[in-house]
Amino acid sequence: MKKAIWREIYKLNHRKSTWWSIAVMAVFMIVIGVMMGRSYGRLLVMSTFDAGQIIMLILVVIGSIMFTDEFQNNTILPLIYRAPSKTVVFFAKYLTLLIYNVFLHLIAIGLTMLFNISSLICNPVSLTKVYQYHQPLMVNMLLTALIDIILTAMMIGVICTIACLFKSSLVSIATNAIIVLVGGGFSANFMEVGGGFAKIMRWNPLNMTYLTPQYYNYASYHGVSMLSTNQLMMGTIVYMIIFAWLGWLTFSKKRI
């Protein structure tokens with residue numbers, strides 16, 4: 001497994017998109033900072049300038065390409081031949097995406113602290129002063145990043161599952177992007193028309209995408225998700241396991 005993971009990390013490291021994505025994330029964070037103005041400095045820091053949104057889309061692109069390129073170029077066959085099993089091949093890619101996910105969040109934290117020092121984007125705020133949940137802003141930011149890592153880990157399972165269903169990277173990217181961009185809104189509308197079934201429907205996987213924004217902006221999102229942050233967290237962890245299993249099952253059953 002270690003050799004397989006290092007092989008995937010090596011390939012990921014040599015993709016230009018892996019590194020260009022960081023520049024895209026930085027630009028996105030700057031745009032968010034400019035759009036929100038200078039009145040939301042603490043919220044911007046806590047949410048790492050809403051980096052979770054662009055990280056999700058980056059993972060959609062990188063994760064989809066990681067699988068579909070192998071299918072399109074038939075390079076998946078040598079991988080499976082050299083590996084002990086298909087399971088090793090799948091989870092090497094899955095774990096590599098998880099590592100890249102953590103890496104992107106660490107970069108986002110570093111950029112947030114850099115932007116906070118500079119007064120060009122927003123007014124600098126103290127990271128040691130108490131903000132939400134009676135915690136210092138620094139703790140708020142780190143916990144938000146950790147929570148978002150868990151949420152994006154769930155979405156990695158979704159990305160892998162869908163990527164294994166298609167051979168076209170464009171179809172896989174488009175499908176995953178739609179889920180990321182409109183999944184939460186679809187879930188909210190779904191529950192709104194659910195009537196008496198809303199209490200059951202609120203546990204659908206798309207509703208879990210509200211986990212991170214609800215943590216840093218509880219008042220705005222609790223009424224939409226209809227779940228507490230702890231409930232969203234539990235649901236996200238359960239679905240993370242389910243989608244990882246579905247991704248593995250889809251990959252293992254795929255005709256290559």
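1. Basis. The model is predicted, with local features needing pLDDT of at least 70 and side-chain atom pairs counting only at pLDDT 80 or more, while totals for chains, interfaces and linings use all residues. Residues are numbered from 1 along each chain as its sequence is written, and side-chain values use heavy atoms, with hydrogens and water left out.

2. The pair α2 and α4. Helix α2 covers residues 16-36 and helix α4 covers residues 51-72. Helices here are DSSP runs (H or I, at least four residues), numbered from the N terminus. The two axes come within 10 Å and cross at roughly 155°. That makes α2 roughly antiparallel to α4, a word used for angles over 145 degrees. Axes are lines fitted to C-alpha atoms, for helices over the stretch in contact, and angles run from 0 to 180 degrees between N-to-C directions. The crossing of α2 and α4 is right-handed, that is, the near helix is turned clockwise from the far one by less than a right angle.

3. Residues in that contact. From α2 come S17, T18, S21, V24, M25, F28 and M29; from α4 come A51, Q53, I54, I55, I58 and I62. Contact means heavy atoms within 4.5 Å. By class, the contact of α2 with α4 has 9 nonpolar residues, 4 polar and no charged. Nonpolar stands for Ala, Val, Leu, Ile, Met, Phe, Trp, Tyr, Cys and Pro, charged for Asp, Glu, Lys and Arg, and polar for the others, Gly among them.

4. The largest pocket. Its volume is about 320 Å³. On a 1 Å grid over the protein atoms alone, a pocket is an open set of points with protein on both sides within 12 Å along at least five of seven lines; a cavity is a set where a 1.4 Å probe fits but cannot get out; lining residues have an atom within 4 Å of a point. Grid points are joined across faces, edges and corners, and a volume is the space filled by probe spheres set on the points. The largest pocket has 18 lining residues, and D50, Q53, P213, Y216 and Y221 are the closest to its centre. α8 gives the most to this lining, with 3 residues. The lining of the largest pocket has 12 nonpolar, 5 polar and 1 charged residues.

5. The second largest pocket. This pocket has a volume of about 160 Å³. Its lining is made of I9, L12, N13, T18, W19, T96, I99, Y100 and F103. The lining divides into 6 nonpolar, 3 polar and no charged residues.

6. The largest cavity. The count comes to 2 cavities of 30 Å³ or more. The largest cavity holds about 160 Å³ of space. There are 20 residues in its lining, and S47, G52, Q53, D148 and T212 are the closest to its centre. Two or more lining residues come from each of α4, α6, α7 (137-163) and α10. The lining of the largest cavity has 10 nonpolar, 8 polar and 2 charged residues.

7. The second largest cavity. Its volume is about 60 Å³. A4, R7, E8, L79, A83, V88, V89 and A92 line this cavity, and α1 and α6 are the elements that give two or more residues to the lining. By class, the lining has 6 nonpolar, no polar and 2 charged residues.

Methods: Angles under 35 degrees count as roughly parallel, over 145 as roughly antiparallel, 65 to 115 as roughly perpendicular and the rest as oblique.
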